[in-house]
Amino acid sequence: MTDLFDIDAQAVRLQQRDISQPSLPRGQTLPPLALIHDASATLPHPSDQNFLSGQPAADVARHITEHIVPALCGQSQSSRYFGFVTGGVLPLAEWADNVVSHMDQNVQVHLPEQSVSTIVENAALQMLIGLLRLESDWKGRTFTTGATGSNVLGLACGREAILQKRGASVGELGLLGACVKAGVSEIQVLTSGGHSSLSKAASVVGLGRASVKELPRSAAQPWKLDLNAVERELSRPGTASIIAISMGEVNTGGYALDDVDEWKRLRQLADRHDAWIHADGAFGIFCSVLDDRDEYRLLRNRVKGIDLADSITIDGHKMLNVPYDCGMFFTRTSSILESVFVNPNAAYLSPGPAASIPSPLNIGLENSRRFRALPAYAVLLSEGRPGFANLFHNMAQLSRKLAVFLRESPYYELLPDESGDIEEIFIIILFRAKDKKLNDELVAKINATRQLYVSGTSWKGEKAVRVAVSNWKVDVERDFRVVSTILNDVAEGRDFDIEKCL
Ligand SMILES: *Cc1c(COP(=O)(O)O)cnc(C)c1O
């Protein structure tokens, strides 16, 4: 770690960002299964004689290097780990994350005479607002552990705001007391294609998973929100509502609203019925960063209007390619966050009078927390708009090329709709094999190559495969060649040989 701040010594690693990488080490999308078994066998066990007896640090570091590291998933190292939406780690982000560990800042109280950390955090959030082309200044803003954490904040703020409008504070009275005082007998979360973490968040904040109601516009496009149904639900007496807008549904990447006109209509409905609008844009919001060219116009229109939301969830560890864990949350005012998250009656935690930046502990879940803003700050500063526009362009180009390949393939069917517009695609593609037997084994067969990892999912009751492209290392031509060869080999029953592809 002594050379952490010797930038010349770090330069080679930082420059990897700009070197195209035809010679990526092989076989590292997934580690060989045997290495995972071997590594497991080297871990301490409570029945070992020397359990917890201590070891030299160098021995432990060697053990981790030799056994544990080779048995870890290559999700950040490979451009072809397409499971979940994992992102990778830009070299600069990795370096900045090491700085975070080295300096171990506790970013909980804004102490501008002690540390610049909260000011850096705020600067990073301001850059993100600019990168995403948001129009409002989103004064309530903070870093979270990820989109699930941000969804918890969104529903917590929504719950507080819709009951405050009816004369009661959940933060003060608790949910039960506030609902009784406000005359509310039900709180519902209206959504379409809501992420699973939305139900989790609803459980955490006391609304319950059953409060989440799917209002799909049609069976063919279930991720789109039925605004007429929303209007009906909002009008039910005794009910207060949060509307959760999916911006990047997990299976299809689809957006709940088409354009700014639909956003305006939703905003009017929400205002009329004192409802809260939360937008979950974990990865999908980043399509606003794409350059203003024809092929991205449709996508960019999907997120125009997001400034009409009351709160926004964003993930850092996905598209921004910073390490886990990192997410962001935006809402209009920090006062609504403080109503929920204030850490009261602790004078020693006070930042002092007239602080321009609220202390993170009063606007988010944790008190003590990691300086996870630094890697995000670093990549926002270094990539800027052109850098990220280019990275997202590469991801979108690979996704779209694969979608066209699948649509034209005799073996595969592009979902949700073969005739769908390729320009709807950002970084997610969904498909299945036409042959039922192959389809049943498809995910296992693809992942068995260890050179490509995809997620299994289901679509309309049948198995399907989902691909999410989110690593900065994507090389459109190389990765297309590898992936299309694997898909053809799997369909035609051939063994895949990476050497023939690179
Ligand atoms: C990934 C994702 C989440 C959950 O994010 P985590 O970072 O895993 O907590 C929530 N919503 C959407 C739309 C997502 O894509």
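**First stop: the ligand**

Select the ligand and the 13 residues around it; T148, D280, D315, H317 and K318 are the ones that come nearest. Keep in mind as you look that this is a predicted model.

Now pick out three of these side chains in turn. Start with T148: an N or O atom in its side chain is 2.6 Å from an oxygen atom of the ligand. Move on to K318, where a polar side-chain atom lies 2.7 Å from a ligand oxygen atom. Then try D280, which has a polar side-chain atom 2.7 Å from a nitrogen atom of the ligand.

**Second stop: two helices**

Next, select residues 294-303, which form helix α11, and residues 373-408, which form helix α13. At what angle do α11 and α13 pack? The angle is about 100°, and the axes are 13 Å apart. The two helices, α11 and α13, are therefore roughly perpendicular to each other.

Show the side chains where they meet: E295, Y296 and L299 on the α11 side, and H393, A396, Q397 and R400 on the α13 side. Colour this contact of α11 with α13 by class and you will find three nonpolar, two polar and two charged residues.

Methods:
Residues numbered from 1 in each chain as written. Predicted model: local features only at pLDDT ≥ 70, side-chain atom pairs only at ≥ 80, totals over all residues. Heavy atoms only, no water. Axes fitted to C-alpha atoms, helices over the stretch in contact; angles between N-to-C directions. Helix = DSSP H or I, 4+ residues; strand = E, 2+ residues; numbered from the N terminus. Parallel < 35°, antiparallel > 145°, perpendicular 65-115°, else oblique. Contact = heavy atoms within 4.5 Å. Nonpolar A, V, L, I, M, F, W, Y, C, P; charged D, E, K, R; others polar. Near = heavy atom within 4 Å. Polar contact = N/O pair within 3.5 Å; in protein donor to acceptor, adjacent residues only side chain to side chain.
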